[in-house]
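Here is a friendly set of notes to keep beside you as you look through this model.

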Amino acid sequence: MIKKIMLSGICILLIAIIVVSIIGFSPVKKAVNKEAINYNKTFIIVKAQRSTISEWTVLEDNEGIIANEADVKLTGNIPSGYNYEFEIGQNQFLCYGRYMGMESQYPVSLEEIMIFEVDSWEILFPIKRESLIPFLPKNYLCKFDVW
């Protein structure tokens with residue numbers, strides 16, 4: 001009788017693990033290569049940073065308005081709501097949108113930073129994660145990234 005209960009418990013646990021894994025690996029957003037960039041639209045490529053001035057730094061700007069490695073403030077449809085392991089993974093984001101001008105950072109800094117309003121964004125391949133789960137996909141964001 002005890003063996004039957006233990007076997008049932010193990011089966012239920014295995015089924016729960018399988019269901020959570022299937023749901024967790026479900027794609028949320030596909031990563032794109034740089035070859036997929038639409039050069040007819042205004043875009044910047046950014047990465048997250050830990051800073052008191054801005055949460056984002058520019059890696060590339062197709063119009064030459066923002067210097068590379070400069071701080072930028074993103075507004076609008078920004079990449080957010082993902083777990084910590086994903087956010088610290090040094091991922092690069094392709095953001096389409098428009099420049100909205102400069103904003104003072106006083107009293108944190110005397111410098112002004114550019115504001116970029118994001119209409120849409122993509123994550124660039126490969127996706128990098130600082131995760132205890134080493135086999136998460138590198139070509140798409142999954143539900144594990146949102147949990």
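1. Of the 147 residues of the chain, 33% count as buried, where buried means under 20% relative accessible area, exposed means over 50%, and partly exposed lies in between (1.4 Å probe, protein chains only). Please keep in mind that this is a predicted model, in which local features need pLDDT of at least 70 and side-chain atom pairs count only at pLDDT 80 or more, while totals for chains, interfaces and linings use all residues. Residues are numbered from 1 along each chain as its sequence is written, and side-chain values use heavy atoms, with hydrogens and water left out.

2. The chain has 3 helices and 7 strands; helices (H or I, at least four residues) and strands (E, at least two) are DSSP runs, numbered from the N terminus. Read from the N terminus, the elements follow the order α-β-β-β-β-α-β-β-β-α.

3. Next, the sheet. A closed barrel of 5 strands, with mixed pairing, runs E2-E3-E4-E6-E5. Its neighbouring strands are turned by 55° against each other on average, direction ignored (axes are lines fitted to C-alpha atoms, for helices over the stretch in contact, and angles run from 0 to 180 degrees between N-to-C directions). Two strands pair if DSSP finds at least two bridges between them. Strand E4 (residues 71–76) and E6 run parallel and are joined by 5 bridges. To find your way there, look for valine 72, which stands opposite methionine 114 in E6.

4. How many salt bridges does the structure hold? There are 4, a salt bridge being a side-chain nitrogen of Lys or Arg within 4 Å of a carboxyl oxygen of Asp or Glu. One of them joins lysine 73 and glutamate 103, with the closest N and O atoms 3.2 Å apart. This pair links distant parts of the chain, since lysine 73 sits in strand E4 and glutamate 103 in strand E5 (residues 92–104), 30 residues apart. Lysine 73 is partly exposed because its relative accessible area is 32%, and glutamate 103 is partly exposed at 25%.

5. Arginine 98 deserves a look of its own. Arg98, Glu117 and Asp119 are linked in a network of salt bridges. Arginine 98 meets aspartate 119 at 2.6 Å, N to O; arginine 98 lies in strand E5 and aspartate 119 in strand E6, 21 residues apart. With glutamate 117, the closest N and O atoms of arginine 98 are 3.8 Å apart; glutamate 117 is also in strand E6, 19 residues from arginine 98. Arginine 98 counts as partly exposed at 37% relative accessibility, as do glutamate 117 at 24% and aspartate 119 at 40%.

6. Is arginine 129 buried or exposed? Arginine 129 counts as buried because its relative accessibility is 16%. It is placed in the loop between strand E6 (112–123) and strand E7 (140–142). A polar atom of the arginine 129 side chain lies 2.3 Å from the backbone oxygen of proline 137, and this side chain also reaches the backbone oxygen of tyrosine 140 at 3.0 Å.

7. Finally, the surface. Ile10, Leu13, Leu14 and Ile17 make a nonpolar surface patch of about 380 Å². Isoleucine 17 belongs to helix H1 (residues 2–24) and is partly exposed, with a relative accessible area of 45%. Patches are made of residues with over 30% relative accessible area and no salt bridge; like charges are joined within 9 Å, nonpolar side chains (Val, Leu, Ile, Met, Phe, Trp, Tyr) within 5 Å. Accessible areas come from the Shrake-Rupley method with a 1.4 Å probe, and for residues, only the protein chains shown count as cover.

Note on methods: A polar contact is a pair of N or O atoms within 3.5 Å; within protein, one must be able to donate a hydrogen and the other to accept it, and residues adjacent in sequence count only if both atoms are side-chain atoms.
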